[in-house]
Amino acid sequence: MVYAAVLGYGTVGSGVVEVLEKNSARIAEKVGEDIKVKYVLDLRDFLGDPIQDRVVHDFEVILNDPEVKIICETMGGNEPAYTFSKKALLAGKSVCTSNKELVANHGPELLRLARENKCNYMFEASVGGGIPIIRPLNSSLTAEELDTITGILNGTTNYILTRMAREGADFEDVLKEAQAKGYAEKDPTADVEGYDACRKIAILSSLMTGKTVDYREIYTEGISKITAEDFAYAAAMNRSIKLLAMSKVVEDGCFAMVAPFMIPSENPLYGVNDVFNAVFVHGNMVDNTMYYGRGAGKLPTASAVVSDVIDCARHIGKTVICRWSEEKQPLLDISVTKRRFFVRMSAGAENESKAIEVFGGVSVIEVPQIKGEFAFVTDEMSEKEFAEKLAKLDGVITRIRLED
C-alpha cells in the first residue's frame with residue numbers, strides 16, 4: 001500500500017481523490033500495489049462527504065506521518081503551497097502539483113530538493129491540464145534538440161476568440177457569456193491579458209532549454225483589444241486569431257512571447273477551438289509533433305496529477321531525472337525577431353499614401369462591410385523596424401502579428 005495526501009479539497013483536489021478511487025483497480029495494476037489517500041488537508045470540513053474522516057487542518061500531521069510517501073499539492077497560489085512543498089521534499093516525500101504559479105516561481109529549486117532527498121517533484125498538470133506535455137518533453141523527446149514550442153495554453157481566451165470568430169461578436173459580450181458559463185473567472189485579468197499563458201510557456205521554455213526562463217521577462221500581450229472587425233479581416237485572409245504562447249531557439253539565443261496572432265488555415269493550431277488547448281513542438285529529428293486536449297477542468301487536470309502520483313509510486317526512493325537547472329536562461333528582446341504584421345488605420349488618401357511610402361510593398365486587405373478603414377499586411381521585418389515605421393503613421397487603429 002502506498003499512502004498519499006491531498007492538499008486542498010477544491011476543484012482539482014476533489015478530482016484527484018475521485019480519480020484515485022474510481023480508477024483504483026487499474027492504478028493498482030500499473031503500480032503493483034494500491035494507492036490510498038490517507039489525508040486531505042483543508043481549512044474547511046466536508047460534513048456528509050465520504051472524505052470527511054480523512055480531513056485534517058494541520059499540515060504537520062501529514063508531514064510527520066512516515067506512511068505518507070506522496071503529496072498532491074492542489075491548493076494553487078504561491079503560499080502556503082511553496083512552504084508545504086518544500087517541507088515535504090526535505091522530508092523525502094514526493095510532491096505532485098497542478099500549481100503553475102508555484103512551478104514558474106520555484107520549480108528548479110524544488111526539483112533540486114527532490115534530487116537531494118531521493119524523491120520527486122512532478123508537475124504534469126501545471127501547463128496543459130489533461131494534455132500530456134511535461135512527460136513527453138522529459139522522456140519521449142529526450143533524444144531531440146528541441147527548438148520551438150508554440151501553444152494555445154489558455155482555455156478561457158481560446159473559448160472567447162472562438163465565439164468571436166464564429167458569431168462576429170464583440171470581446172466584452174463574449175467575456176460576459178464565458179463568465180456566466182464558468183469558463184472565465186469573475187476577475188478574468190490573468191487569462192485575458194495573457195499572464196496565465198505566460199507562466200505556462202515559461203515552464204515549457206525552461207524544460208526545452210534546461211535552464212530557468214523567468215516569466216517576468218517574457219513579452220506578454222492579451223486579447224482584450226481584439227475586435228469583431230479584426231476577425232472579419234482575418235477571415236478575408238483565410239486566417240483566424242489565436243492567443244499564442246511561443247518559445248524559439250534561434251541563432252543568437254532564445255526568445256519567448258505571448259500575444260494574439262493571425263494564423264492560416266494550414267497551421268495545425270487553426271482548428272483548436274473552444275476550451276481546448278494544444279501544444280506544437282518541433283525537434284531536429286522528429287520534426288513536428290502536437291499535443292491536444294482539454295487544458296483545464298476538474299477531471300482532466302486531476303487525471304494529469306494522478307499520472308504523476310503513479311510515476312512517483314513506481315519510483316519510491318528514486319528520482320526521475322528532469323532537465324531544468326537553476327541557471328538562468330537569458331532571453332532575446334523580441335525587437336530582433338522578424339515577422340509580418342497586419343495593420344488597420346483610418347481611411348483617406350493621405351493616410352494610405354503615407355502607409356505605402358513608409359512600408360513600401362504592402363498587401364491591401366479589403367472587407368466590403370467595413371467602411372472608413374485602410375488595412376494591409378506588411379512584408380517581413382523585425383519588431384523594432386515595424387514599431388519605428390508604425391510610429392510615423394497617423395490614424396492607426398490596431399496591429400496584429402502574423403504567424404505561418
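Reply: A search of the whole structure finds 34 salt bridges, where a salt bridge is a side-chain nitrogen of Lys or Arg within 4 Å of a carboxyl oxygen of Asp or Glu. Side chains of opposite charge can pair when their charged atoms come close. The model is predicted, so local features need pLDDT of at least 70 and side-chain atom pairs count only at pLDDT 80 or more, while totals for chains, interfaces and linings use all residues. Residues are numbered from 1 along each chain as its sequence is written, and side-chain values use heavy atoms, with hydrogens and water left out.

Take the pair Glu67 and Lys38. Their closest N and O atoms are 2.4 Å apart, and the two form a salt bridge. Glu67 sits in the loop between α3 (59–63) and β4, whereas Lys38 belongs to strand β2 (residues 35–41), so this bridge ties together parts that are 29 residues apart in sequence. Helices (H or I, at least four residues) and strands (E, at least two) are DSSP runs, numbered from the N terminus. Glu67 has a relative accessibility of 38% and counts as partly exposed; Lys38, at 22%, is also partly exposed. The cut-offs behind these words are under 20% relative accessible area for buried, over 50% for exposed, and partly exposed in between (1.4 Å probe, protein chains only).

Another bridge joins Lys248 to Glu403, with 3.2 Å between the closest N and O atoms. Lys248 is in strand β9 (residues 239–250) and Glu403 is in the segment after β18, so the parts tied together are 155 residues apart in sequence. Glu403 is buried, because its relative accessibility is 15%.

Strand β18 itself takes part through Arg401. Glu383 forms a salt bridge with Arg401, and the closest N and O atoms are 2.6 Å apart. This pair links distant parts of the chain, as Glu383 is in helix α15 (residues 383–390) and Arg401 in strand β18, 18 residues away. Glu383 and Arg401 are both buried. They also belong to a network of salt bridges that links Glu221, Arg339, Glu383, Arg399 and Arg401.

Thr398 is in strand β18 too, which runs over residues 396–402. With a relative accessible area of 15%, Thr398 is buried. Leaving out residues up to four places away in sequence, Thr398 touches Asp230, Phe342, Val343 and Arg344; contact here means heavy atoms within 4.5 Å.

After α12 comes Asn238, which has a positive phi near 60°.

Ala228 and Phe231 are also in contact with Met164. Met164 lies in helix α8 (residues 155–167), and it is buried because its relative accessible area is 0%. Cys198 stands apart from Met164: the two are 34 residues apart in sequence and 22 Å apart in space, C-alpha to C-alpha.

Glu79 and Pro80 are joined by a cis peptide bond, with omega about 5°. Pro80 is in the loop between β4 (68–73) and α4 (81–90). Strand β4 was named above, as Glu67 lies in the loop between α3 and β4.

Lys118 is not a glycine, yet its phi is positive, about 55°. Its place is the loop between α5 (100–116) and β6 (121–122), and at 58% relative accessibility Lys118 is exposed. Asp274, which is not a glycine either, has a positive phi of about 55°. It is found in the loop between β10 (253–264) and β11 (276–283). Asp274 is partly exposed, with a relative accessible area of 23%.
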